[in-house]
Amino acid sequence: MSKILKFEGFNYLRQRLILATLSGKPVRIEKIRSDDENPGLKDFEMKFLNLLEKVTNGSVIEISYTGTSFLYRPGAIEGGRIQHDCGTDRSISYFLEPMIALAPFSKKPFVLVLEGITTDHVDPSVDIIRTVLLPQLKRFGVDQNLELKISKRGAPPLGGGEVTFSCMPVRQLKPVQFTDEGRIKRVRGIAYCTRVSPQTANRLVESARSLLNRYIPDIYIYTDVYKGAESGKSPGFALSLVAESNTDVLLSAEKAAEPGQTPEDVGIIASKMLLNEIRKGGCVDTTSQWLNLLLMILAPEDVGKIRVGELSAFTIQYLRDLKSFFGVSFKIQPDTSNDTILMTCMGIGYVNQNKKTT
Amino acid sequence: ASDMFASHRRTNLMSLIYNELDLSPEDIVAGNYGDDAENGSDAEHEEEEEFLKLNREELNTTDAIDSSRDPIDAEELEEWDDEETLDSIRNRFITGDINA
């Protein structure tokens, strides 16, 4: 039995559990809100542990009496057809993001039906996962049957949305070297609204165009108006934007409406966030840094290289956790010519043993 | 000067991330780490350290959000009301001038 890795605090919980599952190393997480008024794991974290139990086979989770620490011994990644209610504390993406990292290495094809909130202003929305994260997965060679279907929308606070994520496992990833940022050739987006006037979506588009049209005429924002049972239980609207470069770089930004915000506010904020992301540069945006870094490490024994903009706090902790689980550190070279960072690492050649070579 | 600061910051990034494990990721992003001793007396430095400690405690107690998305920085967004900032990224688009 390998040594148990220990971590403290409730933050970065998901990534540690996922890395534990992939590397097969048991973890103990301690001091989860131990000084808090409401100590221990929260509801959505329990739900995440539940989901992890469902997608794996033979995992053992021992939670202490007070809930402030637990031990996780990962089992094999099983996959298959799974349905999970994500609750309404956190959006579906909170659960889906880590699953995307597991799915390529499972035994059976993943068909994951998740219910809950599809877009909130905390996590990346399911639209961004579909339009940005999945294409990046394809770059690493995970391209069979990879799909995210948004069948119902659910805005906070009551949710009621439903998505289906499917993915075929692979035996091994492809190494990726991606350092040419290129230049932005077009902007795509999705403006969605549920249980509000259908005109809202058009107002979102108008306001985003007012800011982005000065740069580029090729802007197409799809207006996605949901009706009836497909529109969830709460009113809501959001705009997600993706800038594509001529080298297939995808940079994303999005904003969901918070109470009191007009569609114009949301549209402008989303556009400004996109411009911010474009200014940071790099070949992957802030939201997808972690996925790319993880896949680079799991790739075959070859040099992987990716250009990123600014590293986020989440990514920095991710780099540290990657090192504790896989013992791999990245070479981090700042490129002063355009203020980006080159991340280089050697893949460990992770192989999905469940999948036969074809 | 800000360029120099930025380059200095960048070169140390790797050791900051992998060697200085006491530094929280938030501090690294914000540029709050102890190498500013050269421009300030010791007392000031200590004071600052205390400030940082407090800050970190705060971070641990408040419900920090476990999300891959960066929190929205209102100040950063305000910059985009300025024409100059808007023009500064024009060369990142294929419609812009490559030499600009």
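**Stop one: a threonine in a helix**

Start by selecting A:Thr200, which sits in helix α5 (residues 199–212) of chain A. Before you zoom in: this is a predicted model, where local features need pLDDT of at least 70, side-chain atom pairs count only at pLDDT 80 or more, and totals for chains, interfaces and linings use all residues. Residues are numbered from 1 along each chain as its sequence is written, with chains lettered from A and ligands numbered from 1 in the order in which they are written. Helices (H or I, at least four residues) and strands (E, at least two) are DSSP runs, numbered from the N terminus.

Is A:Thr200 buried or exposed? It's buried, with 23 other C-beta atoms within 10 Å; the cut-off for buried is 20 or more, with C-beta atoms placed from the backbone. Touching, or contact, takes C-beta atoms within 7 Å.

**Stop two: α2**

Next, pick residues 43–55 of chain A, helix α2. Colour A:Glu45, A:Lys47, A:Phe48, A:Leu51, A:Leu52 and A:Val55, the buried residues of α2(A). They span an arc of only 155° around the axis, so they lie on the same side of α2(A); the arc is that of the directions from the helix axis to the C-beta atoms. Show their packing partners, among them α1 (13–23) and α3 (92–102) of chain A.

**Stop three: α1 and α3**

Keep those two on screen. A:Arg14, A:Ile18 and A:Thr21 in α1(A) meet A:Pro98, A:Ala101 and A:Leu102 in α3(A).

Definitions and conventions
The expected span of a helix is 1.5 Å times one less than its number of residues. A residue is buried if 20 or more other C-beta atoms lie within 10 Å of its own, exposed if 12 or fewer, and partly exposed in between; C-beta atoms are placed from the backbone. Two residues are in contact if their C-beta atoms, placed from the backbone, lie within 7 Å.
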